[in-house]
Amino acid sequence: LLARDSVAVITGGPGVGKTTMVAAAVHRVGEQALAAYVDMRLADPDLLFDMLVLSLGGESGNGDRAGSLHQLRQVIARHNEEQGRRITAVIDVSSLTIERAKRILQLAHMAGEPGCQLNIILLGPHALHKLLDTPGLIHLRQRVTYRHRVRPLSVGETENYIGAQLQKAGGQAEQLLAHGTAIMVYRYVGGVPRLVNTMMDAVLSYAAARDADTVTPQMVAEVAQALGWRRLSGGKQAGSKSKQPKDARQTR
């Protein structure tokens, strides 16, 4: 965020915390940097410049690419020079189509102009790394200075995450959760923070409706069944069908 004219790629599955990670970094650097968030997963690539201008507090170019790019240059220069801020465009893409890549590459080229300092963070699935390695995107790939893959939480991290969230809400995991509850949650959510939040909201409401003092693993299983969720981990291992011992087969 405090670099100059850099491109970063942060990838991960839905709900693992890619945007949250960026937001936490922006919070840490305070007034030194400003992030403009743009969701391009379903948007028309031609609207990228307009969406960035609006996110940075400027006026839209009404869909005209040249006008929108001019407005973007002006608003970036204002933040850079007048307010001393580094600007980062955080762009969420599901895949890099030719048109999306062209617009993002235009941004990267513009970032090298005087008074138009701009960092770019691309958010998307892990396949984004492979897409960037295609020959047609060499100009964009050459500007990438940081790559990171966000993985789901482990069992221990899931337990710590639930405990931290409960503490922020004024509760204590040791008092509210029976032994094994966090592990049961993990078995249904696979360590994805967004799913942890959804499950815990539902389970806590379920427990409150029953005037329960604690949340139990059984409650988690009952709520998961009501939601139509299946266990993602902790069940039978793949390929774990019972096999007869070699001696038994020989005997038969």
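**View 1. The largest pocket and its lining.** The lining of the largest pocket holds 25 residues, and those nearest its centre are G15, V16, G17, K18 and T19. The model shown here, as in every view below, is predicted. The volume of this pocket is about 550 Å³. Three helices, helix 1 (18–29), helix 7 (155–168) and helix 10 (193–209), each give at least two residues to the lining of the largest pocket. Helix 1 provides the largest share, four residues. Sorted by class, the lining of the largest pocket has 10 nonpolar, nine polar and six charged residues.

**View 2. The second largest pocket.** Strand 1 (7–11), helix 1, strand 4 (119–124) and strand 5 (144–149) each contribute at least two residues to the lining of the second largest pocket. Here the largest share, four residues, again belongs to helix 1. The lining of the second largest pocket consists of 12 nonpolar and four polar residues, with no charged ones.

**View 3. Helix 9 against helix 11.** Helix 9 (residues 181–189) packs on helix 11 (residues 217–227) at an angle of about 25°, and the two axes are 8 Å apart. Angles under 35 degrees count as roughly parallel, and helix 9 and helix 11 are therefore roughly parallel to each other. The crossing of helix 9 with helix 11 is right-handed. From helix 9, residues T181, M184, V185 and Y188 meet P217, V220, A221 and A224 of helix 11. The contact of helix 9 with helix 11 is made up of seven nonpolar residues and one polar residue, and no charged residue takes part.

View 4. The axes of helix 10 and helix 11 cross at roughly 110° and come within 10 Å. This angle makes helix 10 roughly perpendicular to helix 11. On the helix 10 side the contact residues are M199, A202, V203, Y206 and A207, and on the helix 11 side they are M219, V220, E222, V223, A224 and L227. By class, the contact of helix 10 with helix 11 contains 10 nonpolar residues, no polar residue and one charged residue. Y206 lies in helix 10. Leaving aside residues up to four places away in sequence, Y206 touches M219, E222 and V223. Between Y206 and L1 there are 205 residues of sequence separation and a C-alpha to C-alpha distance of 42 Å.

**View 5. Helix 3 against helix 4.** Helix 3 (residues 65–82) and helix 4 (residues 98–110) pack with their axes 12 Å apart, at an angle of about 40°. Helix 3 is therefore oblique to helix 4. Helix 3 passes helix 4 in a crossing that is right-handed. R65, L69, L72, R73 and I76 of helix 3 make the contact with R103, Q106, L107 and M110 of helix 4. The contact of helix 3 with helix 4 comprises five nonpolar, one polar and three charged residues.

Terms used. Residues numbered from 1 in each chain as written. Predicted model: local features only at pLDDT ≥ 70, side-chain atom pairs only at ≥ 80, totals over all residues. Heavy atoms only, no water. Axes fitted to C-alpha atoms, helices over the stretch in contact; angles between N-to-C directions. Parallel < 35°, antiparallel > 145°, perpendicular 65-115°, else oblique. Left-handed = near helix turned anticlockwise from the far one by under 90°. Contact = heavy atoms within 4.5 Å. Nonpolar A, V, L, I, M, F, W, Y, C, P; charged D, E, K, R; others polar. 1 Å grid on protein atoms, 1.4 Å probe; cavity = no way out; pocket = protein on both sides within 12 Å on 5 of 7 lines; lining within 4 Å. Points joined across faces, edges and corners; volume = space filled by probe spheres on them.
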